[in-house]
Amino acid sequence: MVNIDDLKKSHDIRGLIRLLDHGNSDIQWRAADALGNMGEPACDPLLRLLDFPKVNVRLGAIDALGGIKSPRSVDNLIRKLKDDTDDEVRWAASIALGQIGDPRAIPALEEALKDGDRYVRYGAIKSLEMLNWTPSDETSRAYALIALQDWPAVRKLRSAAVRPLIDINKDPNPVTRTKIVELLGEIGGPDAKKACERALLDRDPGVRWKAVFACKRCGVDTDRIPVILADRPRTIPSAFGAAVLNLFFFGSGYSYIGKWWGILVFLCYVGVIIIIQLNWDVLFPYMYTYPFTAVFAVQTYYMVKRMPDM
Amino acid sequence: MAQKKDIPGLIRALRYHDADIQMQAAKALGTLGPGAIDRLIRALKTKNKTVKLGIIGALSEIESPRSIQPLIGTLRDENSEVRWQAAIALGEIGDEAAIKPLCEALRDPDKYVRFGASIALTKLGWKPQDSTERAYYFAGMQEWMAVRNIGKPAIPALAGLLRDRDSTVRMKVIELLGSTGDKDAIPALMQSLGDDNREVRWNTVLAAPKCGISLPYLPRGLSKRPQNMKNPWIAGFLNFLLPGTGYAYLGKWWGTLIFSFDELATVYILKMEGDTNSYVVLLPVYLLLGFHAWYMTTKIPKDPP
């Protein structure tokens, strides 16, 4: 039974830190709260946890540091905001920097407005607002508005928003990319036109579809759009790969292209191979099955070729 | 069959796979008048969804007050289409006894049922008594601007709509909860941070500060989202016991390939080396594969927020 209040009363920092890795998320957060109320003595042990391999522990430590509000943690939190590979940790760091309220964090938070993750960008702009930051020019205003996802306001910035929109188009979220392509199409101009053409090659079919309309609005020749679109990355499996797999390991080619029954076919095939191996004392029983599996390899090849890739 | 008044035959026809025949059978049953009511009500106890839908349609055509109570009962059917059809039928029959259950149906987790209940209540000339009832009614009609104008009193109705399985409805609800700017919306918003849909969670993050949720609480709410985490010990154990199945557990299509290779290799080695020597060769390989699956699982990144 975990009693956080007892640990808090006895100032058991180590005990509370151990709870940051608890299986129950409520206990984790209550421990982070308690550590956040411990003040400066908890600061050093928490700073040491910022590079802990487990994400939950890093999140709890950042949350507690945001509660302590020690200026000593600002540099480390800035480092986390810039370098941590986990999106949630960078997001938590951006929020904690706003809570601490130290203006030293402003340049790093401004840079975080260009982060590829929408949560980090949102945390950064909210913290910048808490630090009474105002954008120095139209470009930084555009980054701020994109971070707030205030799309009508971004649209009003016209050409000043193009560069930031292109920059943020690396966001892994297709909903954001779709919105950006739509806006670029509306704003237009040579840079926006190029970006819309690039969006025709996006890995997400929804973004590509939106890019078709955006390209048209930007003035891309209608007959050029299908040519660019034809170069898009394939999202369906390789026909050749599926055929080879079915030739040598009959059934696995079907599994590879996502057919649930491929494994059943494969297991039957392996069963036959084992029977041949055991009963006829054949060293390479596969040799006898190749003429049969070759037929299915060809069939698989054409099956994949006919699969739609939108 | 309609001319012969063959009610069992027409009810059987409701099971037909052809939608046109189902419709014709329901219409024919509806023309049989009050004399068919008792048999139709008895037949309503069936488990078959299409039969229930046809019978409700027929009862709606007959418009007898005797069918009100059985139809009210079907408003609690497990199938949402049956509940929807029942709501529509109660509106068509036009008996005021249906008003209370239809008001309850405005709280149904399914948008079709809520829509049917709103339409039925309109037909019955019902008027919402207070802001909360008005919120449920307009939410049922999907008139979101009207719900927005109600403001704070709409919060209980909106919070209830978060049970809807349609994520677009939940997103709309979150936006409206944010627009109230009231702290009463906080529990519903905190709950939605753990929604299973990524865009609902994101919309909640945008709406939460408007209602006074402080930013540090957002990562906490999001940490409650469903995670498709795989257990490294299960993956490791499976791969040790049946090499390849640990990889399959992790969703790798080639896991089964390795499993079958192992089967073949084991048979081959047993044949060549005998029992004891085989296990001396295979055990370290199995241990290695078990450790590899365990390690691979620990390196799988968390689902993005």
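Tutor: Take A:Leu97, which touches A:Val74, A:Leu77, A:Ile78, A:Leu81, A:Ala105, A:Leu109 and A:Ser127, leaving aside residues up to four places away in sequence. Two residues are in contact if their C-beta atoms, placed from the backbone, lie within 7 Å. The model is predicted: local features need pLDDT of at least 70 and side-chain atom pairs count only at pLDDT 80 or more, while totals for chains, interfaces and linings use all residues. Residues are numbered from 1 along each chain as its sequence is written, and chains are lettered from A and ligands numbered from 1 in the order in which they are written.

Student: Which residues have the most contacts inside the largest nonpolar core?

Tutor: A nonpolar core is a set of buried Ala, Val, Leu, Ile, Met, Phe, Trp, Tyr and Cys residues joined through C-beta atoms within 7 Å. Buried means that 20 or more other C-beta atoms lie within 10 Å of the residue's own (exposed is 12 or fewer, partly exposed in between). Here the largest core has 140 residues, and A:Leu97, A:Leu184, A:Cys196, B:Ala87 and B:Leu177 have the most contacts inside it. A second, separate core of 16 residues includes A:Leu245, A:Tyr256, A:Val270 and A:Tyr301.

Student: How is helix packing described?

Tutor: Two packed helices are described by the angle between their axes and the distance between the axes. Axes are lines fitted to C-alpha atoms, for helices over the stretch in contact, and angles run from 0 to 180 degrees between N-to-C directions. Helices are DSSP runs (H or I, at least four residues), numbered from the N terminus. In chain A, helix H13 (residues 174-187) and helix H15 (residues 205-218) pack at about 10°, with axes 8 Å apart. H13(A) is therefore roughly parallel to H15(A); angles under 35 degrees count as roughly parallel, over 145 as roughly antiparallel, 65 to 115 as roughly perpendicular and the rest as oblique.

Student: At what angle do H18 and H19 of chain B pack?

Tutor: Helix H18 (residues 255-273) and helix H19 (residues 275-298) of chain B pack at about 135°, their axes 7 Å apart. So H18(B) is oblique to H19(B). Among the residues making this contact are B:Ile269 of H18(B) and B:Val281 of H19(B).

Student: How many residues does each chain give to the contact between the chains?

Tutor: Chain A gives 32 residues and chain B gives 21. On the side of chain A that touches chain B, H19(A) gives the most, with eight residues.

Technical notes: Helix = DSSP H or I, 4+ residues; strand = E, 2+ residues; numbered from the N terminus.
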